[in-house]
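Reader: Please present the structure, and then let us discuss its packing and the contact between its chains.

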Amino acid sequence: MKYMLIMRATDETFQAFQDVDFNEVMAAMGRFNDELIRAGVLVAAEGLEDAAEGVVVDYSSEPPVATDGPYGETKELFGGFWILNVASKEEAVEWAKRAPLAGPGSKCEIRRVPSIDEFPQDNEWIQKEKAWREATGQL
Amino acid sequence: MADTGGREAVAAVWRIESARIVGALARYTGDFALAEDLAQEALAEALVTWPRDGAPRNPAGWLLTVGRRRAIDTFRRRAALDERYAVLAHDLGEDGGTADIHWDPDQIDDDVLALMFISCHPVLSREARVALTLRVVGGLTSDEIAKAFLVPTATVQARITRAKKTLGAARVPFEVPPAEERAQRLGSVLSVVYLIFTEGSSASSGDRLIRFDLAGEAQRLARVLTRLMPREPEAHGLLALLELTAARFPARTGPDGEPVLLEDQDRRRWDRAAIRRGRAALARAEQVGRGLGAYGLQAAIAECHAVAESVRATDWDRVVLIYEALGRLAPSPVVDLNRAVAVSMAKGPAAALPIVDELAAAGTLPNSHLLASVRGELLTRMGRTEEARADLEQAIRLCANERERVVLERKLTALG
(Lines give C-alpha, C1' and ligand atoms only; values in the text may rest on other atoms or scores of the structure.)
Protein backbone atom coordinates (compact mmCIF):
# COMPACT_ATOMS: atom_id res chain seq x y z
CA MET A 1 0.00 0.00 0.00
CA LYS A 2 1.35 3.39 -0.95
CA TYR A 3 0.79 6.41 1.25
CA MET A 4 1.77 10.02 0.75
CA LEU A 5 2.92 11.96 3.79
CA ILE A 6 2.37 15.64 3.09
CA MET A 7 4.10 18.21 5.28
CA ARG A 8 2.16 21.30 6.21
CA ALA A 9 3.58 24.20 8.13
CA THR A 10 2.53 27.64 9.35
CA ASP A 11 4.28 31.01 9.30
CA GLU A 12 5.18 30.36 12.94
CA THR A 13 6.79 27.03 12.05
CA PHE A 14 8.85 28.65 9.35
CA GLN A 15 9.82 31.39 11.76
CA ALA A 16 10.82 28.81 14.35
CA PHE A 17 12.90 26.99 11.75
CA GLN A 18 14.68 30.25 10.87
CA ASP A 19 16.16 30.24 14.35
CA VAL A 20 17.56 26.74 14.05
CA ASP A 21 20.92 26.06 12.43
CA PHE A 22 20.27 24.93 8.86
CA ASN A 23 22.72 22.04 9.26
CA GLU A 24 20.71 20.78 12.20
CA VAL A 25 17.50 20.83 10.16
CA MET A 26 19.29 19.01 7.35
CA ALA A 27 20.69 16.44 9.76
CA ALA A 28 17.33 15.78 11.42
CA MET A 29 15.61 15.35 8.07
CA GLY A 30 18.51 13.28 6.76
CA ARG A 31 18.34 10.91 9.72
CA PHE A 32 14.61 10.46 9.26
CA ASN A 33 14.99 9.75 5.54
CA ASP A 34 17.79 7.32 6.31
CA GLU A 35 15.51 5.49 8.74
CA LEU A 36 12.90 5.15 5.99
CA ILE A 37 15.52 3.81 3.58
CA ARG A 38 16.91 1.40 6.17
CA ALA A 39 13.41 0.10 6.81
CA GLY A 40 12.93 -0.48 3.09
CA VAL A 41 9.73 1.59 2.89
CA LEU A 42 10.73 4.81 1.08
CA VAL A 43 9.48 5.12 -2.52
CA ALA A 44 9.88 8.84 -3.23
CA ALA A 45 10.31 12.16 -1.48
CA GLU A 46 10.57 15.82 -2.48
CA GLY A 47 10.57 19.12 -0.67
CA LEU A 48 8.86 22.21 -2.07
CA GLU A 49 10.37 25.65 -2.57
CA ASP A 50 9.25 28.60 -0.45
CA ALA A 51 5.56 29.41 -0.85
CA ALA A 52 6.53 33.05 -1.43
CA GLU A 53 7.73 31.97 -4.86
CA GLY A 54 4.52 30.13 -5.61
CA VAL A 55 1.29 31.17 -7.29
CA VAL A 56 -2.32 30.49 -6.37
CA VAL A 57 -5.03 30.16 -8.98
CA ASP A 58 -8.48 30.97 -7.59
CA TYR A 59 -11.43 29.40 -9.43
CA SER A 60 -14.20 31.30 -7.70
CA SER A 61 -14.50 33.68 -10.64
CA GLU A 62 -14.59 33.06 -14.37
CA PRO A 63 -11.94 33.16 -15.73
CA PRO A 64 -9.87 31.98 -12.74
CA VAL A 65 -7.56 34.55 -11.15
CA ALA A 66 -3.86 33.90 -10.58
CA THR A 67 -2.13 35.57 -7.64
CA ASP A 68 1.59 35.51 -6.90
CA GLY A 69 2.83 34.61 -3.42
CA PRO A 70 3.43 35.37 -0.65
CA TYR A 71 0.05 34.46 0.76
CA GLY A 72 -1.79 35.74 3.76
CA GLU A 73 -1.95 32.29 5.37
CA THR A 74 0.56 29.51 4.88
CA LYS A 75 -1.05 26.97 7.17
CA GLU A 76 -2.75 25.12 4.36
CA LEU A 77 0.26 24.94 2.10
CA PHE A 78 2.37 21.90 1.49
CA GLY A 79 6.06 21.95 2.21
CA GLY A 80 6.99 18.64 0.69
CA PHE A 81 6.11 14.98 0.67
CA TRP A 82 7.22 11.39 1.13
CA ILE A 83 5.71 8.39 -0.59
CA LEU A 84 6.01 5.22 1.48
CA ASN A 85 5.21 1.63 0.68
CA VAL A 86 3.94 0.20 3.96
CA ALA A 87 1.68 -2.58 5.22
CA SER A 88 -1.06 -0.40 6.70
CA LYS A 89 -2.35 3.11 7.21
CA GLU A 90 -1.34 2.84 10.86
CA GLU A 91 2.24 2.15 9.81
CA ALA A 92 2.21 5.28 7.63
CA VAL A 93 0.87 7.25 10.63
CA GLU A 94 3.58 5.82 12.85
CA TRP A 95 6.27 6.92 10.42
CA ALA A 96 4.71 10.37 10.13
CA LYS A 97 4.89 10.74 13.90
CA ARG A 98 8.64 10.30 13.66
CA ALA A 99 9.15 13.01 11.02
CA PRO A 100 11.18 15.93 12.39
CA LEU A 101 8.50 18.54 11.76
CA ALA A 102 7.91 19.76 15.29
CA GLY A 103 6.72 23.36 15.39
CA PRO A 104 3.67 25.47 16.16
CA GLY A 105 0.82 24.41 13.87
CA SER A 106 2.96 21.92 11.91
CA LYS A 107 0.95 19.13 10.39
CA CYS A 108 1.49 16.07 8.28
CA GLU A 109 -1.37 14.87 6.17
CA ILE A 110 -1.50 11.18 5.24
CA ARG A 111 -3.25 10.08 2.09
CA ARG A 112 -3.35 6.76 0.31
CA VAL A 113 -2.00 6.82 -3.23
CA PRO A 114 -4.25 4.61 -5.36
CA SER A 115 -2.70 2.60 -8.16
CA ILE A 116 -3.70 3.50 -11.72
CA ASP A 117 -5.04 -0.06 -11.85
CA GLU A 118 -7.84 1.01 -9.50
CA PHE A 119 -9.34 3.31 -12.15
CA PRO A 120 -11.67 2.07 -14.90
CA GLN A 121 -9.33 0.31 -17.30
CA ASP A 122 -11.61 0.71 -20.32
CA ASN A 123 -11.48 4.50 -20.08
CA GLU A 124 -9.47 5.92 -22.98
CA TRP A 125 -7.88 8.63 -20.83
CA ILE A 126 -6.72 6.06 -18.32
CA GLN A 127 -5.27 4.10 -21.25
CA LYS A 128 -3.47 7.23 -22.43
CA GLU A 129 -2.14 7.94 -18.98
CA LYS A 130 -0.91 4.38 -18.68
CA ALA A 131 0.95 4.76 -21.96
CA TRP A 132 2.59 7.93 -20.62
CA ARG A 133 3.44 6.20 -17.35
CA GLU A 134 4.96 3.33 -19.30
CA ALA A 135 7.05 5.66 -21.44
CA THR A 136 8.29 7.68 -18.49
CA GLY A 137 8.56 4.98 -15.85
CA GLN A 138 5.93 6.56 -13.57
CA LEU A 139 3.79 3.49 -13.00
CA MET B 1 -10.55 10.08 18.44
CA ALA B 2 -8.89 7.33 16.48
CA ASP B 3 -5.36 7.96 17.64
CA THR B 4 -5.40 6.39 21.09
CA GLY B 5 -3.02 3.54 20.48
CA GLY B 6 -5.46 0.87 19.33
CA ARG B 7 -4.40 -2.59 18.29
CA GLU B 8 -3.51 -1.44 14.77
CA ALA B 9 -1.37 1.35 16.12
CA VAL B 10 0.47 -1.07 18.39
CA ALA B 11 0.96 -3.41 15.45
CA ALA B 12 2.35 -0.53 13.36
CA VAL B 13 4.87 0.43 16.02
CA TRP B 14 5.78 -3.21 16.36
CA ARG B 15 6.44 -3.63 12.63
CA ILE B 16 8.81 -0.68 12.69
CA GLU B 17 10.54 -1.42 16.00
CA SER B 18 10.42 -5.16 16.67
CA ALA B 19 13.78 -6.01 15.09
CA ARG B 20 15.68 -3.45 17.07
CA ILE B 21 13.84 -4.21 20.28
CA VAL B 22 14.60 -7.93 20.00
CA GLY B 23 18.13 -7.03 18.89
CA ALA B 24 18.74 -4.66 21.78
CA LEU B 25 17.31 -7.17 24.29
CA ALA B 26 19.44 -9.94 22.80
CA ARG B 27 22.57 -7.82 23.06
CA TYR B 28 21.55 -6.91 26.59
CA THR B 29 20.82 -10.43 27.84
CA GLY B 30 23.13 -12.35 25.52
CA ASP B 31 20.29 -14.78 24.92
CA PHE B 32 18.37 -14.59 21.63
CA ALA B 33 15.56 -16.96 22.60
CA LEU B 34 14.95 -15.16 25.88
CA ALA B 35 15.07 -11.78 24.10
CA GLU B 36 12.38 -12.89 21.68
CA ASP B 37 10.17 -14.05 24.59
CA LEU B 38 10.72 -10.79 26.45
CA ALA B 39 9.88 -8.74 23.39
CA GLN B 40 6.69 -10.72 22.85
CA GLU B 41 5.74 -10.15 26.50
CA ALA B 42 6.31 -6.43 26.07
CA LEU B 43 4.14 -6.50 22.94
CA ALA B 44 1.38 -8.34 24.82
CA GLU B 45 1.52 -5.74 27.57
CA ALA B 46 1.34 -2.91 25.02
CA LEU B 47 -1.74 -4.48 23.44
CA VAL B 48 -3.48 -4.26 26.82
CA THR B 49 -2.13 -0.93 28.06
CA TRP B 50 -1.98 1.33 25.02
CA PRO B 51 -5.59 0.98 23.88
CA ARG B 52 -6.61 1.70 27.48
CA ASP B 53 -4.21 4.51 28.46
CA GLY B 54 -3.12 5.79 25.06
CA ALA B 55 0.19 5.25 23.32
CA PRO B 56 3.26 6.42 25.22
CA ARG B 57 5.33 9.34 23.98
CA ASN B 58 8.23 7.07 23.13
CA PRO B 59 6.68 3.74 22.10
CA ALA B 60 9.98 2.01 21.33
CA GLY B 61 11.46 3.12 24.63
CA TRP B 62 8.38 1.90 26.45
CA LEU B 63 8.59 -1.54 24.84
CA LEU B 64 12.30 -1.80 25.51
CA THR B 65 11.90 -0.77 29.15
CA VAL B 66 9.17 -3.35 29.72
CA GLY B 67 11.34 -5.97 28.03
CA ARG B 68 14.27 -5.08 30.27
CA ARG B 69 12.19 -5.18 33.45
CA ARG B 70 10.96 -8.62 32.46
CA ALA B 71 14.56 -9.64 31.83
CA ILE B 72 15.49 -8.57 35.35
CA ASP B 73 12.47 -10.41 36.76
CA THR B 74 13.42 -13.53 34.86
CA PHE B 75 16.99 -13.51 36.06
CA ARG B 76 15.86 -12.66 39.58
CA ARG B 77 13.57 -15.67 39.51
CA ARG B 78 16.28 -17.94 38.17
CA ALA B 79 18.92 -16.99 40.73
CA ALA B 80 19.20 -13.89 42.83
CA LEU B 81 22.94 -13.89 42.55
CA ASP B 82 23.13 -14.81 38.90
CA GLU B 83 26.15 -13.09 37.50
CA ARG B 84 24.24 -11.87 34.49
CA TYR B 85 21.57 -10.43 36.72
CA ALA B 86 24.18 -8.50 38.63
CA VAL B 87 25.48 -7.04 35.38
CA LEU B 88 22.01 -6.20 34.15
CA ALA B 89 20.99 -4.61 37.41
CA HIS B 90 24.07 -2.48 37.23
CA ASP B 91 23.35 -1.42 33.64
CA LEU B 92 19.75 -0.69 34.38
CA GLY B 93 20.63 2.14 36.72
CA GLU B 94 18.08 4.43 38.25
CA ASP B 95 16.10 5.57 35.24
CA GLY B 96 14.63 2.26 34.16
CA GLY B 97 17.14 1.89 31.39
CA THR B 98 15.87 4.10 28.60
CA ALA B 99 19.06 6.15 28.49
CA ASP B 100 20.56 4.37 25.49
CA ILE B 101 17.27 4.22 23.60
CA HIS B 102 18.80 6.82 21.29
CA TRP B 103 20.06 4.05 19.17
CA ASP B 104 23.44 4.06 17.58
CA PRO B 105 22.66 3.28 13.92
CA ASP B 106 25.73 1.06 13.53
CA GLN B 107 24.77 -0.94 16.57
CA ILE B 108 21.19 -1.35 15.30
CA ASP B 109 22.45 -2.45 11.91
CA ASP B 110 24.61 -5.09 13.56
CA ASP B 111 21.68 -6.19 15.72
CA VAL B 112 19.30 -6.53 12.79
CA LEU B 113 21.92 -8.33 10.72
CA ALA B 114 22.64 -10.69 13.61
CA LEU B 115 18.89 -11.38 13.91
CA MET B 116 18.73 -12.21 10.21
CA PHE B 117 21.63 -14.64 10.48
CA ILE B 118 20.23 -16.29 13.62
CA SER B 119 16.71 -16.58 12.21
CA CYS B 120 18.16 -18.23 9.09
CA HIS B 121 20.61 -20.46 10.95
CA PRO B 122 21.32 -23.77 9.20
CA VAL B 123 20.45 -25.81 12.34
CA LEU B 124 16.81 -24.83 11.76
CA SER B 125 14.38 -26.35 9.29
CA ARG B 126 13.37 -24.23 6.32
CA GLU B 127 9.89 -23.68 7.73
CA ALA B 128 11.36 -22.57 11.03
CA ARG B 129 13.77 -20.17 9.32
CA VAL B 130 10.93 -18.58 7.37
CA ALA B 131 8.65 -18.26 10.39
CA LEU B 132 11.36 -16.87 12.63
CA THR B 133 12.57 -14.35 10.03
CA LEU B 134 9.07 -13.03 9.42
CA ARG B 135 8.37 -12.79 13.12
CA VAL B 136 11.68 -11.40 14.39
CA VAL B 137 12.93 -9.31 11.49
CA GLY B 138 9.63 -8.61 9.71
CA GLY B 139 7.57 -7.95 12.83
CA LEU B 140 4.68 -10.15 11.68
CA THR B 141 2.54 -11.83 14.31
CA SER B 142 2.08 -15.61 14.45
CA ASP B 143 -1.46 -15.00 13.17
CA GLU B 144 -0.26 -13.08 10.14
CA ILE B 145 2.39 -15.69 9.33
CA ALA B 146 -0.19 -18.46 9.68
CA LYS B 147 -2.59 -16.66 7.33
CA ALA B 148 0.14 -16.12 4.77
CA PHE B 149 1.19 -19.77 4.76
CA LEU B 150 -2.31 -21.21 5.14
CA VAL B 151 -1.45 -23.15 8.29
CA PRO B 152 -2.99 -22.95 11.78
CA THR B 153 -1.59 -20.30 14.14
CA ALA B 154 -0.73 -23.06 16.63
CA THR B 155 1.55 -24.62 14.02
CA VAL B 156 3.44 -21.36 13.56
CA GLN B 157 3.74 -20.88 17.31
CA ALA B 158 5.02 -24.44 17.72
CA ARG B 159 7.58 -23.90 14.94
CA ILE B 160 8.87 -20.74 16.58
CA THR B 161 9.04 -22.31 20.04
CA ARG B 162 10.88 -25.34 18.68
CA ALA B 163 13.21 -23.13 16.64
CA LYS B 164 14.20 -21.11 19.70
CA LYS B 165 14.85 -24.31 21.65
CA THR B 166 16.99 -25.65 18.81
CA LEU B 167 19.01 -22.44 18.71
CA GLY B 168 19.46 -22.56 22.47
CA ALA B 169 20.53 -26.20 22.43
CA ALA B 170 23.02 -25.46 19.64
CA ARG B 171 24.34 -22.54 21.72
CA VAL B 172 24.06 -20.15 18.78
CA PRO B 173 25.61 -16.86 19.92
CA PHE B 174 23.92 -13.52 19.30
CA GLU B 175 26.32 -12.09 16.74
CA VAL B 176 26.96 -11.53 13.08
CA PRO B 177 28.92 -14.64 12.02
CA PRO B 178 32.67 -14.24 11.58
CA ALA B 179 33.86 -13.36 8.06
CA GLU B 180 34.89 -16.88 7.11
CA GLU B 181 31.43 -18.25 7.91
CA ARG B 182 29.48 -15.31 6.62
CA ALA B 183 29.56 -16.13 2.91
CA GLN B 184 28.22 -19.61 3.56
CA ARG B 185 25.56 -18.43 6.00
CA LEU B 186 24.51 -15.55 3.74
CA GLY B 187 23.29 -18.16 1.27
CA SER B 188 20.77 -19.33 3.86
CA VAL B 189 19.58 -15.78 4.59
CA LEU B 190 19.08 -15.03 0.90
CA SER B 191 17.29 -18.31 0.26
CA VAL B 192 14.86 -17.63 3.12
CA VAL B 193 13.99 -14.21 1.71
CA TYR B 194 13.59 -15.79 -1.74
CA LEU B 195 11.39 -18.53 -0.27
CA ILE B 196 9.16 -15.93 1.38
CA PHE B 197 8.88 -14.15 -1.96
CA THR B 198 8.00 -17.27 -3.96
CA GLU B 199 5.42 -18.27 -1.36
CA GLY B 200 3.89 -14.84 -1.74
CA SER B 201 4.09 -14.72 -5.51
CA SER B 202 2.68 -18.15 -6.33
CA ALA B 203 -0.93 -17.16 -6.60
CA SER B 204 -2.06 -20.77 -6.97
CA SER B 205 -4.22 -20.92 -3.87
CA GLY B 206 -5.45 -19.07 -0.83
CA ASP B 207 -6.17 -15.43 -0.23
CA ARG B 208 -4.11 -13.80 -2.92
CA LEU B 209 -4.09 -10.36 -1.35
CA ILE B 210 -2.25 -11.55 1.75
CA ARG B 211 0.19 -13.52 -0.32
CA PHE B 212 1.10 -10.51 -2.42
CA ASP B 213 1.71 -8.70 0.87
CA LEU B 214 4.11 -11.51 1.69
CA ALA B 215 5.97 -10.94 -1.59
CA GLY B 216 6.12 -7.25 -0.68
CA GLU B 217 7.54 -8.10 2.74
CA ALA B 218 10.25 -10.21 1.07
CA GLN B 219 11.14 -7.23 -1.12
CA ARG B 220 11.35 -5.02 1.95
CA LEU B 221 13.59 -7.55 3.71
CA ALA B 222 15.82 -7.73 0.64
CA ARG B 223 16.08 -3.91 0.63
CA VAL B 224 17.01 -3.97 4.31
CA LEU B 225 19.62 -6.63 3.56
CA THR B 226 21.24 -4.63 0.77
CA ARG B 227 21.52 -1.70 3.17
CA LEU B 228 23.11 -3.92 5.82
CA MET B 229 25.46 -5.74 3.44
CA PRO B 230 26.21 -3.31 0.61
CA ARG B 231 29.40 -5.20 -0.33
CA GLU B 232 27.59 -8.47 -1.05
CA PRO B 233 26.71 -8.68 -4.76
CA GLU B 234 24.18 -11.47 -4.23
CA ALA B 235 22.13 -9.36 -1.78
CA HIS B 236 21.73 -6.80 -4.59
CA GLY B 237 21.23 -9.63 -7.08
CA LEU B 238 18.39 -11.08 -5.01
CA LEU B 239 16.74 -7.67 -4.61
CA ALA B 240 17.03 -7.16 -8.39
CA LEU B 241 15.44 -10.54 -9.04
CA LEU B 242 12.53 -9.83 -6.67
CA GLU B 243 11.87 -6.35 -8.10
CA LEU B 244 12.03 -7.55 -11.72
CA THR B 245 9.80 -10.54 -10.97
CA ALA B 246 7.30 -8.46 -9.00
CA ALA B 247 7.20 -5.98 -11.88
CA ARG B 248 5.30 -8.59 -13.88
CA PHE B 249 2.65 -9.25 -11.22
CA PRO B 250 0.04 -6.89 -12.71
CA ALA B 251 0.19 -8.72 -16.07
CA ARG B 252 0.63 -12.24 -14.79
CA THR B 253 -3.01 -13.10 -14.25
CA GLY B 254 -6.06 -12.58 -16.41
CA PRO B 255 -9.44 -11.18 -15.34
CA ASP B 256 -10.51 -14.54 -13.84
CA GLY B 257 -7.22 -15.06 -12.05
CA GLU B 258 -5.91 -17.52 -14.64
CA PRO B 259 -2.12 -17.45 -15.21
CA VAL B 260 -0.96 -15.60 -18.33
CA LEU B 261 2.22 -16.94 -19.96
CA LEU B 262 5.15 -14.58 -20.46
CA GLU B 263 4.63 -14.52 -24.23
CA ASP B 264 0.98 -13.49 -23.80
CA GLN B 265 1.47 -10.88 -21.10
CA ASP B 266 0.49 -7.28 -21.81
CA ARG B 267 3.87 -5.70 -21.18
CA ARG B 268 2.28 -2.27 -20.76
CA ARG B 269 0.97 -3.56 -17.45
CA TRP B 270 4.43 -4.27 -16.11
CA ASP B 271 5.42 -1.99 -13.24
CA ARG B 272 8.01 0.34 -14.73
CA ALA B 273 9.10 1.73 -11.37
CA ALA B 274 9.81 -1.81 -10.11
CA ILE B 275 11.77 -2.52 -13.30
CA ARG B 276 13.80 0.64 -12.72
CA ARG B 277 14.53 -0.35 -9.11
CA GLY B 278 15.42 -3.88 -10.19
CA ARG B 279 17.82 -2.69 -12.88
CA ALA B 280 19.44 -0.28 -10.42
CA ALA B 281 19.94 -3.13 -7.93
CA LEU B 282 21.43 -5.32 -10.67
CA ALA B 283 23.81 -2.52 -11.64
CA ARG B 284 24.92 -2.28 -8.00
CA ALA B 285 25.50 -6.05 -7.91
CA GLU B 286 27.76 -5.67 -10.95
CA GLN B 287 29.53 -2.64 -9.48
CA VAL B 288 30.53 -4.54 -6.35
CA GLY B 289 32.45 -6.88 -8.64
CA ARG B 290 33.28 -10.52 -7.87
CA GLY B 291 30.79 -11.57 -10.54
CA LEU B 292 27.07 -12.28 -10.34
CA GLY B 293 25.77 -15.29 -8.43
CA ALA B 294 22.72 -17.39 -9.10
CA TYR B 295 20.26 -14.67 -8.06
CA GLY B 296 22.09 -11.98 -9.99
CA LEU B 297 22.16 -14.12 -13.13
CA GLN B 298 18.44 -14.87 -12.87
CA ALA B 299 17.87 -11.15 -12.39
CA ALA B 300 19.94 -10.51 -15.52
CA ILE B 301 17.66 -12.86 -17.47
CA ALA B 302 14.61 -11.13 -16.02
CA GLU B 303 16.14 -7.82 -17.11
CA CYS B 304 16.45 -9.08 -20.71
CA HIS B 305 12.70 -9.70 -20.69
CA ALA B 306 11.92 -6.46 -18.85
CA VAL B 307 13.63 -4.24 -21.42
CA ALA B 308 12.28 -6.10 -24.49
CA GLU B 309 9.17 -4.84 -26.21
CA SER B 310 8.03 -8.35 -27.07
CA VAL B 311 9.08 -11.99 -26.97
CA ARG B 312 10.38 -11.64 -30.51
CA ALA B 313 12.39 -8.50 -29.70
CA THR B 314 14.08 -10.16 -26.72
CA ASP B 315 17.87 -10.51 -26.85
CA TRP B 316 17.71 -14.33 -26.82
CA ASP B 317 21.44 -14.72 -27.58
CA ARG B 318 22.17 -12.93 -24.32
CA VAL B 319 19.57 -15.00 -22.47
CA VAL B 320 21.27 -18.18 -23.75
CA LEU B 321 24.67 -16.93 -22.56
CA ILE B 322 23.33 -16.13 -19.10
CA TYR B 323 21.63 -19.53 -18.84
CA GLU B 324 24.97 -21.14 -19.75
CA ALA B 325 26.66 -19.20 -16.95
CA LEU B 326 23.83 -20.11 -14.55
CA GLY B 327 24.13 -23.77 -15.55
CA ARG B 328 27.83 -23.75 -14.70
CA LEU B 329 27.27 -21.98 -11.39
CA ALA B 330 24.17 -23.83 -10.23
CA PRO B 331 23.69 -26.88 -12.47
CA SER B 332 20.09 -28.04 -12.65
CA PRO B 333 17.99 -29.80 -15.27
CA VAL B 334 15.41 -27.01 -15.04
CA VAL B 335 18.07 -24.45 -15.94
CA ASP B 336 19.12 -26.66 -18.89
CA LEU B 337 15.52 -26.90 -20.00
CA ASN B 338 15.12 -23.13 -19.84
CA ARG B 339 18.36 -22.77 -21.77
CA ALA B 340 16.89 -25.09 -24.43
CA VAL B 341 13.87 -22.82 -24.75
CA ALA B 342 16.15 -19.79 -25.09
CA VAL B 343 18.28 -21.58 -27.70
CA SER B 344 15.14 -22.40 -29.67
CA MET B 345 14.22 -18.71 -29.66
CA ALA B 346 17.73 -17.63 -30.64
CA LYS B 347 18.68 -20.30 -33.20
CA GLY B 348 15.53 -22.27 -33.92
CA PRO B 349 14.00 -25.48 -32.55
CA ALA B 350 16.47 -27.84 -34.28
CA ALA B 351 19.36 -26.35 -32.29
CA ALA B 352 17.49 -26.83 -29.02
CA LEU B 353 16.26 -30.39 -29.54
CA PRO B 354 19.61 -32.10 -28.68
CA ILE B 355 19.68 -30.36 -25.27
CA VAL B 356 16.19 -31.62 -24.51
CA ASP B 357 16.96 -35.13 -25.77
CA GLU B 358 20.06 -35.25 -23.62
CA LEU B 359 17.97 -34.31 -20.57
CA ALA B 360 15.43 -37.00 -21.48
CA ALA B 361 18.19 -39.59 -21.86
CA ALA B 362 19.66 -38.63 -18.50
CA GLY B 363 16.24 -39.14 -16.92
CA THR B 364 16.72 -36.18 -14.60
CA LEU B 365 13.15 -34.88 -14.82
CA PRO B 366 11.18 -38.13 -14.80
CA ASN B 367 7.87 -36.93 -13.40
CA SER B 368 7.81 -33.38 -14.69
CA HIS B 369 5.52 -32.40 -17.52
CA LEU B 370 7.90 -29.57 -18.44
CA LEU B 371 10.38 -31.68 -20.41
CA ALA B 372 7.70 -33.36 -22.54
CA SER B 373 5.90 -30.08 -23.02
CA VAL B 374 9.03 -28.27 -24.25
CA ARG B 375 9.94 -31.19 -26.52
CA GLY B 376 6.40 -31.23 -27.90
CA GLU B 377 6.60 -27.50 -28.58
CA LEU B 378 9.95 -27.83 -30.39
CA LEU B 379 8.73 -30.74 -32.54
CA THR B 380 5.56 -28.83 -33.37
CA ARG B 381 7.62 -25.91 -34.63
CA MET B 382 9.78 -28.35 -36.64
CA GLY B 383 6.69 -29.84 -38.28
CA ARG B 384 7.24 -33.29 -36.75
CA THR B 385 3.56 -33.48 -35.80
CA GLU B 386 3.24 -37.14 -34.85
CA GLU B 387 6.16 -37.06 -32.42
CA ALA B 388 4.93 -33.72 -31.07
CA ARG B 389 1.54 -35.27 -30.35
CA ALA B 390 3.08 -38.10 -28.34
CA ASP B 391 5.08 -35.64 -26.21
CA LEU B 392 2.16 -33.31 -25.62
CA GLU B 393 -0.02 -36.25 -24.59
CA GLN B 394 2.63 -37.33 -22.13
CA ALA B 395 2.93 -33.78 -20.81
CA ILE B 396 -0.85 -33.66 -20.27
CA ARG B 397 -0.69 -36.96 -18.36
CA LEU B 398 2.04 -35.65 -16.06
CA CYS B 399 0.68 -32.14 -15.56
CA ALA B 400 -0.86 -31.67 -12.11
CA ASN B 401 -1.90 -28.05 -12.57
CA GLU B 402 -5.29 -27.78 -14.21
CA ARG B 403 -4.71 -24.34 -15.73
CA GLU B 404 -1.48 -25.44 -17.36
CA ARG B 405 -3.12 -28.62 -18.61
CA VAL B 406 -5.73 -26.58 -20.43
CA VAL B 407 -2.94 -24.72 -22.25
CA LEU B 408 -1.30 -28.02 -23.25
CA GLU B 409 -4.61 -29.49 -24.44
CA ARG B 410 -5.13 -26.42 -26.58
CA LYS B 411 -1.73 -26.98 -28.18
CA LEU B 412 -2.57 -30.62 -28.80
CA THR B 413 -5.88 -29.71 -30.44
CA ALA B 414 -4.10 -27.15 -32.63
CA LEU B 415 -1.99 -29.95 -34.09
CA GLY B 416 -5.15 -31.23 -35.78
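Reader: Which residues touch the most other members of the largest nonpolar core?

Author: This is a predicted model, in which local features need pLDDT of at least 70, side-chain atom pairs count only at pLDDT 80 or more, and totals for chains, interfaces and linings use all residues. Residues are numbered from 1 along each chain as its sequence is written, chains are lettered from A and ligands numbered from 1 in the order in which they are written, and side-chain values use heavy atoms, without hydrogens and water. A nonpolar core is a set of buried Ala, Val, Leu, Ile, Met, Phe, Trp, Tyr and Cys residues joined through side-chain atoms within 4.5 Å, where buried means under 20% relative accessible area, exposed over 50%, and partly exposed in between (1.4 Å probe, protein chains only). Of the 122 residues in the largest core, those touching the most other members are Phe32(B), Leu63(B), Leu115(B), Leu132(B), Leu134(B) and Ile196(B).

Reader: Which residues does Leu132(B) touch?

Author: Contact here means heavy atoms within 4.5 Å. Not counting residues up to four places away in sequence, Leu132(B) touches Phe32(B), Ser119(B), Leu124(B), Val137(B), Ile160(B), Ala163(B), Lys164(B) and Leu167(B).

Reader: How many residues form the other core, which lies apart from the largest one?

Author: Its members include Met7(A), Val41(A), Ala96(A) and Ile16(B). The number of residues in this core is 16.

Reader: Is Arg20(B) buried or exposed?

Author: Arg20(B) lies in helix 1 (residues 7-29) of chain B, helices being DSSP runs (H or I, at least four residues) numbered from the N terminus. Because its relative accessibility is 9%, Arg20(B) counts as buried.

Reader: With which side chain of chain A does the side chain of Arg20(B) make a polar contact?

Author: A polar contact is a pair of N or O atoms within 3.5 Å; within protein, one must be able to donate a hydrogen and the other to accept it, and residues adjacent in sequence count only if both atoms are side-chain atoms. In chain B, the side chain of Arg20(B) has such a contact with that of Glu17(B), at 2.8 Å. In chain A, the partner, at 2.9 Å, is Glu35(A).

Reader: How many salt bridges are counted between chain A and chain B?

Author: A salt bridge is a side-chain nitrogen of Lys or Arg within 4 Å of a carboxyl oxygen of Asp or Glu. Arg98(A) and Glu17(B) meet in a salt bridge through their side chains (2.2 Å, N to O). Between chain A and chain B, the count of salt bridges is five.

Methods:
Helices (H or I, at least four residues) and strands (E, at least two) are DSSP runs, numbered from the N terminus.
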